[in-house]
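Dear colleague,

Please find below the structure that I am handing over to you. My findings follow directly after it.

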Amino acid sequence: MKIKIEVDEQLQEEEIIIRANSLNQKVLDIQKTLYDLSKYQQTIVFYQGDRSYYLPLEDILFFETDGKEILAHTIDQMYTIKYRLYELEEILPGYFMRVSKSTILNIKRIYSLTRSLPSNCSVQFQNTHKQVYVSRYYYKPLKSRLEEKR
């Protein structure tokens, strides 16, 4: 594999071009990695009252809707944000996943899953009492993503 960098001062925005003789898994993995890296550049501002916070996304356990507000939860704090869940799905890194109509969670922070009824599953996070519920529709994709991490 050759890697080549060209500097063009006329460009308004960085551009990455991948040239390959076929669209194979290696090329797709490179594309996904670059896409995930570009998402890390995204800044989300968190609010508590009149204060603005700039937190690492790794600290966020989950995002949830509460009426018309979107809340971001850390181990011991709760913040509001000015995005909708569908917008967050577009900009968050790959370790975030939608698990219900009203929740997106950080799969890196999952401590345990508890399946109580055939259609109900709860997710617990380490060092906090906070938990979220996974809808039946999202349970199998979540289990698959967690098994991929092994």
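V7 lies in the segment before α1 (25–40). Please bear in mind throughout that this is a predicted model. V7 has a relative accessible area of 76%, and because exposed means over 50%, V7 counts as exposed. In soluble globular proteins, nonpolar side chains tend to be buried together.

The interior may also be of interest to you. The largest nonpolar core has 31 residues, of which F46, F63, L88 and L142 touch the most other members. Beyond its neighbours within four places in sequence, F46 is in contact with a list of residues including Y53, L55, L57, I60, F63 and Y79.

Turning to the strands, β6 (residues 96–100) is mostly covered, with five of its five residues buried. Strand β6 pairs with β7 (residues 103–106) in the antiparallel sense, over four bridges. The two strands, β6 and β7, form a hairpin with two residues between them. Within this pairing, F96 stands opposite N106 in β7.

Finally, D59 is found in the loop between β2 (51–53) and β3 (62–66). Its relative accessibility is 35%, so D59 counts as partly exposed, this class lying between the limits of 20% and 50%. Leaving out residues up to four places away in sequence, D59 touches H73, T74 and R109. D59 and R109 are 50 residues apart along the chain, and their C-alpha atoms are separated by 8.5 Å.

With kind regards

Terms used: Residues numbered from 1 in each chain as written. Predicted model: local features only at pLDDT ≥ 70, side-chain atom pairs only at ≥ 80, totals over all residues. Heavy atoms only, no water. Buried < 20%, exposed > 50% of the residue type's maximum accessible area, 1.4 Å probe, protein only. Pairing = 2+ DSSP bridges. Core = buried A, V, L, I, M, F, W, Y, C linked by side-chain atoms within 4.5 Å. Contact = heavy atoms within 4.5 Å.
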